[in-house]
Amino acid sequence: YELVRWSVIPLVGAEEAEKELGPEEKKAKAISSLKNYRGSGKGIPKNAVTSVSGNAVIVRYVKFQKLTRKELSKTIKAEAEPYIPFNVEEVFIGYHPIKDVMDEGKQKMETVLVAAKQDMVNQRVEILEGGGFKAMIMDVDAFALESVYESQQQGPSEETVLMVNIGASQSNFAILEKGVSMVVKDSPVSGNSITKAVMKNMGVDQKNAEKLKIQNGLLVTPQEKEAALSAGNKEALGVSNAVTSVLKDLASEMKKLIEFYSMQ
């Protein structure tokens, strides 16, 4: 694979970063930004692949009675309803049988079940179409991460791998065992959590906290910490302490996820 073009488009500019935008304002900004990008040059594909995660998406690993894919497609709403905490009529459902298993003397199939609220998916499609794109695939963040990992493998992997994507508003975790997705989880511990910790620790606003976070980052080794102490660099030490506090929470989330996987 070869990357031929890429862009990062902030939803808001630096001067607007401190304003709390409402959902409709965010939607309008996103459409406007995509429109501008779409018209910024030749060779920008129209077909779009996107992904969702967070509170409006659930991923469950469940054991359904053994059915053909055609049979399951007809009964999926009824089969899935006990596992979905939303109204089954208000979600889009996706599923993929993983393997056949014996459960309480009956043959069943272990299946990954995904449900996403229709209003969130529809809004994502509206934003893309409003920006001049055509939505082709709607994935889940963690599964998209798994796909990227799998595309880099030279063959079937025998490893068990934990992947973490630290995003701005949330982080995504995924555990793959021999190329099969076993555990998926989203967490609110994220880049914004680090910015808020810097704001609190350093007594600065969001805009300056973001700058300090990027400029200083984390002091990893004892030598780096000693050098900052010797130089009296309180800024670097304060930012590093703030980052460390959030990363401890992130490490704790990972530990819980690994323990859950081990119990399964």
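Predicted model: local features only at pLDDT ≥ 70, side-chain atom pairs only at ≥ 80, totals over all residues.
Two pairs of packed helices, both of which involve helix 6, can be compared in the table below.

| Helix pair | Angle between axes | Distance between axes |
|---|---|---|
| Helix 5 (residues 191-202) and helix 6 | about 105° | 9 Å |
| Helix 6 (residues 206-216) and helix 8 (residues 234-263) | about 100° | 10 Å |

How are helix 5 and helix 6 oriented, roughly parallel or roughly perpendicular? With an angle of about 105° between them, and because angles from 65 to 115 degrees count as roughly perpendicular, helix 5 is described as roughly perpendicular to helix 6. On the side of helix 5, the contact is made by Gly191, Ile194, Thr195, Val198, Met199 and Met202, while helix 6 contributes Gln206, Ala209, Glu210, Leu212 and Lys213. Sorted by class, the residues in this contact of helix 5 with helix 6 are six nonpolar, three polar and two charged.

The packing of helix 6 with helix 8 has an angle of about 100°, and these two helices are therefore also roughly perpendicular to each other. Here Leu212, Lys213, Gln215 and Asn216 of helix 6 meet Glu235, Ala236 and Val239 of helix 8. The contact of helix 6 with helix 8 contains three nonpolar, two polar and two charged residues.

Turning to charged side chains, how many salt bridges does a search of the whole structure find? The search finds six, and one of them joins the side chains of Lys77 and Glu89, with a distance of 3.1 Å from N to O. Lys77 lies in helix 2 (residues 69-80), whereas Glu89 lies in the loop between helix 2 and strand 3 (91-103), so this pair ties together parts of the chain that are twelve residues apart in sequence.

Definitions and conventions: Residues numbered from 1 in each chain as written. Heavy atoms only, no water. Axes fitted to C-alpha atoms, helices over the stretch in contact; angles between N-to-C directions. Helix = DSSP H or I, 4+ residues; strand = E, 2+ residues; numbered from the N terminus. Parallel < 35°, antiparallel > 145°, perpendicular 65-115°, else oblique. Contact = heavy atoms within 4.5 Å. Nonpolar A, V, L, I, M, F, W, Y, C, P; charged D, E, K, R; others polar. Salt bridge = Lys/Arg side-chain N within 4 Å of Asp/Glu carboxyl O.
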